[in-house]
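Thanks for coming. Please look at the structure on the screen, and I will walk through a few of its details.

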Amino acid sequence: MEITVDKVLDARGLSCPMPIVKTKKAMDDMAPGQVIEVQATDKGSVADMQGWAKSTGHQFLGTIEEDGVFKHYLRKASPEEIKEEMKYPHTITNEELQKKLEQNHKISILDVREPAEYAFGHIPGAKCIPLGELEDRINELNQNDEIYVVCRTANRSDIAAKILAEKGYKHVKNVVPGMSEWTGPTEKYEQKIKEGI
């Protein structure tokens, strides 16, 4: 079945948060009820689009993958349906988190990037649950733990922190600005393989 779209946005080759930033700008010029097709190659955009639509009131219609390109379809909400996009209020800086790690605080770090991003450099001990799998795997996290959520630029982790808070997790902080500017220790899968872990 052919999908009727009012606008096509090319966000191929862009990584988080740019597909969302460009979608937001493009939808500002659209009328309520119109549909946009966003083409992206970042795998993380699948969960990002769903999370962003949910937090703003726009309707996420679905995603089709064709030859490595994700085509996301969203319907613009009416003024009554639009929600004010709220950032998760509880944050911690990279430096503050690094200090906690150096002081051996008992904390949990949740990395919500895609497995490929995680594999090439993550904070030692961080658990990888991609944003798109978080609701299905939420029981892997302890509600009583202090959980620090990290992604590349603190956008995906902002959505994840809000999901955790909605599910009753009370000790959650979003790590800002995230892995793109993390200067603390990291580990990669190759290191684990070499060390025989």
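Cys-128 is buried, since its relative accessible area is 17%, and the cut-off for buried is under 20%. Keep in mind that this is a predicted model.

How far is the sulfur of Cys-128 from the closest cysteine sulfur? The distance is 12 Å, and the partner is in Cys-151, so the two are too far apart for a bond. Cys-151 is buried too, because its relative accessibility is 0%. The sulfur of Cys-151 has its closest cysteine sulfur in Cys-16, at 5.4 Å. That is still too far for a bond, because a disulfide needs the two sulfur atoms within 2.5 Å. The count of disulfides in the structure is zero.

Cys-16 brings me to the backbone. Most peptide bonds are trans. Which kind of peptide bond joins Cys-16 and Pro-17, and what is its omega? The bond is cis, with omega about 10°. Pro-17 sits in the loop that runs between strand S1, residues 7–11, and helix H1, residues 18–28. Another cis bond links Val-176 to Pro-177, with omega about 5°. Pro-177 is also in a loop, between strand S9 (172–176) and helix H7 (189–195).

Next, phi angles. Most residues other than glycine have a negative phi. Asp-67 is not a glycine, yet its phi is positive, about 50°. You will find Asp-67 in the loop between strand S3 (59–66) and strand S4 (69–75). Is Asp-67 buried or exposed? Asp-67 counts as exposed, because its relative accessibility is 82% and the cut-off for exposed is over 50%.

Ala-154 also has a positive phi, near 70°, and is not a glycine either. Ala-154 lies in the loop between strand S8 (147–150) and helix H6. Ala-154 counts as buried, because its relative accessibility is 9%.

How many of the eleven residues of H6 are buried? Nine are, and the helix is mostly covered. Among the buried ones are Arg-156, Asp-158 and Lys-162, along with Ile-159, Ile-163 and Leu-164. What covers the buried residues of H6? The cover includes helix H2, strand S6 (108–111), helix H4 (115–119), helix H5 (134–137), and strands S8 and S9. After H6 comes Gly-168, with a positive phi near 100°.

H2 covers residues 45–56 and H6 covers residues 156–166, and their axes come within 10 Å and cross at roughly 60°. That angle makes H2 oblique to H6. The crossing of H2 past H6 is left-handed. On the H2 side, the contact is made by Asp-48, Gly-51, Trp-52, Lys-54 and Ser-55. On the H6 side, the contact is made by Arg-156, Ile-159, Lys-162 and Glu-166.

Look at the spacing of those positions. An α-helix has 3.6 residues a turn, so residues three or four places apart point the same way.

What kinds of residue make up this contact? Five are charged, two are polar and two are nonpolar.

How values were computed: Residues are numbered from 1 along each chain as its sequence is written. This is a predicted model: local features need pLDDT of at least 70, side-chain atom pairs count only at pLDDT 80 or more; totals for chains, interfaces and linings use all residues. Side-chain values use heavy atoms; hydrogens and water are left out. Axes are lines fitted to C-alpha atoms, for helices over the stretch in contact, and angles run from 0 to 180 degrees between N-to-C directions. Helices (H or I, at least four residues) and strands (E, at least two) are DSSP runs, numbered from the N terminus. Angles under 35 degrees count as roughly parallel, over 145 as roughly antiparallel, 65 to 115 as roughly perpendicular and the rest as oblique. A crossing is left-handed if the near helix is turned anticlockwise from the far one by less than a right angle, and right-handed if clockwise. Contact means heavy atoms within 4.5 Å. Ala, Val, Leu, Ile, Met, Phe, Trp, Tyr, Cys and Pro count as nonpolar, Asp, Glu, Lys and Arg as charged, and the others, Gly among them, as polar. Buried means under 20% relative accessible area, exposed over 50%, partly exposed in between (1.4 Å probe, protein chains only).
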